[in-house]
Every structure is written in structure tokens, then in C-alpha cells.
Amino acid sequence: MVKLRLNAGNVLNENIHQIGILALGSHLENHGPALPIDTDAKISSYIAFKSSLLSGAKYLGVVYPSYELDEIDHGNHNTIEEVVKEIKKIIESAKKYLHIKKLIIVNGHGGNIPVFQYIYDIQEDTGVNIIINNKIVELEGPHGGTGEISLGKVLEIVNEDQVKNQGDYKQYGEIGLYAFTEARKNDPGIEKNAKYLEENGVYMDESYGEELFSLAINSVLCDLEKLLK
């Protein structure tokens with residue numbers, strides 16, 4: 001067998017090749033008129049891929065299914081079991097073909113957070129050490145709001161003709177999850193974001209989007225350093 005040059009190229013160190021980075025988002029949900037329905041998947045994929053370029057870790061692609069609470073009906077989602085099954089499938093494939101031993105999952109969709117309670121079981125079943133990175137969800141603010149549209153501007157996925165309508169939460173009730181009364185009642189965080197949207201509206205700021213991406217990518221790089229120890 002050929003001896004691989006594990007220290008070649010721009011890599012943190014040769015052990016980085018044992019670490020994979022997997023994006024988790026959503027592909028089929030409304031984000032207002034200016035952003036595409038797969039905004040979350042594109043954001044998380046960019047963070048995961050950019051982090052792999054900067055570190056040398058293996059980019060493992062993006063998970064297709066995603067989860068959402070029943071009371072938030074703004075797209076097509078899947079069961080937690082389907083999401084967990086797909087993550088396990090990708091990990092097993094990465095172990096077999098890429099010899100991955102550790103993994104960072106970059107999440108870009110708040111609805112996936114209930115999936116995290118199954119991560120220990122996934123680790124036990126696959127034998128792979130997993131870190132969940134939820135930084136961009138923590139940073140970006142209301143669904144389809146200023147944070148996401150600014151990130152979208154950096155990615156060039158925004159329909160700029162529709163930016164003026166992105167803050168119209170009465171017509172596009174998914175913005176800030178404004179129209180989902182039950183979800184707002186059950187989750188103080190969702191209520192806070194909806195109120196923030198009502199008071200401040202939505203604006204697009206490319207510099208802000210770049211700042212959010214920088215913070216999220218640096219967070220993943222810090223997680224990589226932890227896994228390398």
C-alpha cells in the first residue's frame with residue numbers, strides 16, 4: 001500500500017485526516033421572498049467546507065433530511081429517526097472509505113436541535129467521537145431575518161429585487177416565525193425573535209454577514225483543535 005504524505009499541503013497536522021466535517025441544515029422550507037428554500041443547508045455547507053479548506057479536515061457533505069417542531073409548519077421536514085439514520089449512514093461510510101474517527105456536525109437549522117439528544121447514541125453505535133457546532137444558529141437571530149439575509153448576501157443567494165419585502169412578516173409569516181402563535185407561546189426564544197423582528201424589521205448588511213461567517217468558521221476551527229488533542 002502507498003504511504004500517504006499525511007503532512008502535505010495546508011493542514012493543521014497529519015491527524016486532521018481522521019476528522020470529518022458534516023453539514024446539517026434544511027433544504028425545503030420557506031425563508032421569505034428574498035432567500036431560497038435551502039438557505040440553511042447552503043449556510044451550514046459553506047461553514048463546513050470553508051473550515052475543511054482552512055484545516056485540512058475532510059468535508060463530508062450535507063445531510064439531506066431535517067427536523068422541525070410540529071407547530072412550525074413552514075416547509076417539508078422529516079422525523080428525528082430519519083435524520084439520525086442518515087447521519088449514522090454517512091458516518092459509517094466515512095469510517096469505511098476515509099478512516100474517519102472523529103466528526104464535527106455543523107448545524108444551520110434551529111429545528112434540528114432536538115436531534116442533538118441522540119448524539120450520544122450515534123457515538124455509541126458508530127464509535128466516532130462527535131462535536132455538534134451550533135454557533136451560526138446561536139448568532140444569526142430571527143428566521144429569515146437580518147442575520148440570514150446578510151449571510152445570504154455573502155453567498156450571493158439573495159434575490160435583491162425582493163429584499164424590500166423580506167421584512168413583511170404579515171405576508172410571509174415564516175419570517176421570525178412570526179405567524180406561528182403556538183411556537184411563540186411555547187418557546188421564549190422564538191417569541192423574543194418575533195418581537196425583535198416586529199420592532200426592528202429586516203435589513204441586509206454584507207459586512208455583518210461576513211462577520212457572522214467568520215465567527216462561525218472560527219468556532220469550528222476551535223472544535224477541530226479540541227479533537228486534535
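**Helix packing and the parallel sheet**

Helices H1 and H8 cross in a right-handed sense, that is, with the near helix turned clockwise from the far one by less than a right angle. The model is predicted: local features need pLDDT of at least 70 and side-chain atom pairs count only at pLDDT 80 or more, whereas totals for chains, interfaces and linings use all residues. Residues are numbered from 1 along each chain as its sequence is written, and side-chain values use heavy atoms, with hydrogens and water left out.

The axes of H1 (residues 39-55) and H8 (residues 206-228) come within 9 Å and cross at roughly 55 degrees. H1 is therefore oblique to H8; angles under 35 degrees count as roughly parallel, over 145 as roughly antiparallel, 65 to 115 as roughly perpendicular and the rest as oblique. Axes are lines fitted to C-alpha atoms, for helices over the stretch in contact, and angles run from 0 to 180 degrees between N-to-C directions. Helices (H or I, at least four residues) and strands (E, at least two) are DSSP runs, numbered from the N terminus. On the H1 side, Ile-43, Tyr-46, Ile-47, Lys-50, Ser-51, Leu-54 and Ser-55 meet Phe-213, Ala-216, Ile-217, Val-220, Leu-221 and Leu-224 of H8, where contact means heavy atoms within 4.5 Å. The contact of H1 with H8 comprises ten nonpolar, two polar and one charged residues (Ala, Val, Leu, Ile, Met, Phe, Trp, Tyr, Cys and Pro count as nonpolar, Asp, Glu, Lys and Arg as charged, and the others, Gly among them, as polar).

Four strands form an open sheet in the order E2-E1-E3-E4, with parallel pairing. Strands E2 (58-63) and E4 (129-133) are the edges, each pairing on one side only; two strands pair if DSSP finds at least two bridges between them. Neighbouring strands of this sheet are turned by 20 degrees against each other on average, direction ignored. E1 and E3 (residues 102-107) run parallel and are joined by six bridges, and Ala-23 stands opposite Val-106 in E3. Helix H2 (residues 80-98) packs on the sheet, touching E1, E2, E3 and E4, and its direction makes about 155 degrees with that of E2. H8 lies across E1, E3 and E4 and runs at about 165 degrees to E3.

Leu-24 belongs to E1 (residues 19-24). Its relative accessible area is 1%, so Leu-24 is buried (under 20%; exposed is over 50%, partly exposed in between, with a 1.4 Å probe and protein chains only). Leu-24 and Val-106 are 82 residues apart in sequence, with a C-alpha to C-alpha distance of 5.8 Å. Beyond its neighbours within four places in sequence, Leu-24 has contacts that include Ser-44, Val-63, Val-83, Ile-105 and Asn-112.
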